[in-house]
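Subject: Structure handover

Hello,

Here is the structure for you to look over. My notes follow below it.

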Amino acid sequence: MLEFWENMKTFILRYIVDPFRYFGPFDLADIVILTLLLYALYRFAKARRAGRVLLGLFIVVLLSLIVSAFNLPALTYIIRLAAGFFFLCVIVLFQPEIRDALERIANSRLFAPRSDTLPKKLYPLAKEVTEQTLNAVFEMSENQTGALIVFEGLTKLGEYIESGKLVDARITSHMLTSIFFDKAPLHDGAVVIRDFRIYAASVVLPSAKNTIDFGNLGTRHRAAVGVSEVSDSLVVVVSEQTGKVSVAQEGKLLRGVDREMLEDILMTYLAGELYLRRRREESKKLFQERLEQLSNRSFNDSDLQRSEGEQLEMPLPKPGIPELLNDENANRKGGK
């Protein structure tokens, strides 16, 4: 027992007390950056299966420290042998999470600063694609025709596109409804939109790994969430059973989307900051026009009260884009 406490004392002096004797500003920066990285790792892993694996690794490391403190020769030798394969084991265990994290870093604004906006010359094309998609989606919604439309982002979906058929056609509502017609040869699977064109059809997508309770939702919704988990794509789903329109992004599902909401979501995804700036400009312009109309009137007391009420009830375009909800909120919203 005395040997154990001596070992613990040596460990504390060497790894805790001695470093603070030469502590400087660079050491502080090192600790702060490491803390931020560990916190980011925690947030990234807590909602994933990797969180439990991290907990298991932490327990293994803690047990190895205890074994070293007690100076148990056999167990210490085994731990040293396993330590050589530790890095390889981490890569194998966390391969999906590491890939996802690297894709998020590469797709971030820091390394892709122009990825969140669209050149002005392509804005009319984005508007046309959105309009044609809306017409097709809500026509299929009325007819309860199942559909799965994937808008590809920065993360390319080539490995999944290989399972389908290349189309490379202009996006029209007639083309989309024809593809998803239940007697058409390509109606099974997803349509992938790339560079504002229908790039492929009948594409097989991965099923969701998320713990979302899909309830009575079918394979289309699971595939929509699945491909949004492994990429930055935006997926539009039309339910064959209910005709409801849903949107999947970043592993989350929003159900019961109406035409106006879907237009905002699609235009924000396709045109980014350019669309949002134009929406803000339209809102300001409409607001100024209403104020000018009210200021040009001659008021009496009753008119003043009525005009104040009109200002309060003035319908303006919605400035923001609805956030994709988690499953609990999405199901509550879809049930209304």
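**Confidence and overall make-up**

The average pLDDT of the protein is 77, and 75% of the residues score at least 70. pLDDT is the predictor's confidence in each residue, on a scale from 0 to 100. This is a predicted model, so local features need pLDDT of at least 70 and side-chain atom pairs count only at pLDDT 80 or more, while totals for chains, interfaces and linings use all residues. Residues are numbered from 1 along each chain as its sequence is written, and side-chain values use heavy atoms, with hydrogens and water left out.

One stretch needs care. Over residues 307–336, pLDDT stays under 50. The model has 51 contacts beyond four places in sequence for that stretch; contact means heavy atoms within 4.5 Å. Where pLDDT is low, the predicted coordinates should not be read in detail.

The secondary structure comes to 14 helices and seven strands. Both are DSSP runs numbered from the N terminus: helices are H or I with at least four residues, strands are E with at least two. Of the 336 residues, 34% are buried. Buried means under 20% relative accessible area, exposed means over 50%, and partly exposed lies in between (1.4 Å probe, protein chains only). Among contacts with a separation of 6 or more, 65% join residues 24 or more positions apart.

Start with strand 5, residues 234–238. Five of its five residues are buried. Leu234, Val236 and Val238 point one way, Val235 and Val237 the other. In a regular strand the side chains alternate between the two faces of the sheet.

Strand 5 pairs with strand 1 (residues 147–151) in the antiparallel sense, over five bridges. Two strands pair if DSSP finds at least two bridges between them. Ala147 has Val238 as its bridge partner in strand 5. Strand 5 also pairs with strand 6 (residues 245–249), again antiparallel, over four bridges. The hairpin of strand 5 and strand 6 has six residues between the strands, and Gly243 takes a positive phi near 80° in it.

**The nonpolar cores**

Which residues have the most contacts inside the largest nonpolar core? They are Val137, Ile149, Phe151, Val191, Val236 and Leu262, in a core of 38 residues. Helix 7 (residues 123–143) gives the most to this core, with eight residues. A nonpolar core is a set of buried Ala, Val, Leu, Ile, Met, Phe, Trp, Tyr and Cys residues joined through side-chain atoms within 4.5 Å. A second, separate core has 21 residues, including Ala190, Leu217, Ala223 and Leu253.

Leu262 is worth a look. It lies in helix 11 (residues 259–271). Leu262 counts as buried because its relative accessibility is 0%. Leaving aside neighbours within four places in sequence, Leu262 is in contact with Leu134, Val137, Phe138, Val236, Val245, Val247 and Val257. Its C-alpha atom is 9.0 Å from that of Thr130, 132 residues apart along the chain.

Now the view from helix 7, where Leu134 is found. Leu134 is also at 0% relative accessible area, so this residue is buried. With neighbours within four places in sequence left aside, Leu134 is in contact with Arg259, Leu262, Glu263 and Leu266.

Asp168, in strand 2 (residues 165–170), has a positive phi near 50°. Asp168 is partly exposed because its relative accessible area is 46%. Ser202, in strand 4 (residues 197–203), has a positive phi near 55°. Ser202 is buried, with a relative accessible area of 18%.

**The second largest pocket**

This pocket holds about 310 Å³ of space. Its lining has 13 residues, and Asn7, Phe11, Leu65, Ser68 and Ala69 lie nearest its centre. Helix 1 (2–21) and helix 3 (50–70) are the elements that give two or more residues to the lining. The largest share, seven residues, comes from helix 1.

On method, a 1 Å grid is laid over the protein atoms alone; a pocket is an open set of points where a 1.4 Å probe fits, with protein on both sides within 12 Å along at least five of seven lines, and lining residues have an atom within 4 Å of a point. Grid points are joined across faces, edges and corners, and the volume is the space filled by probe spheres set on the points.

Best wishes
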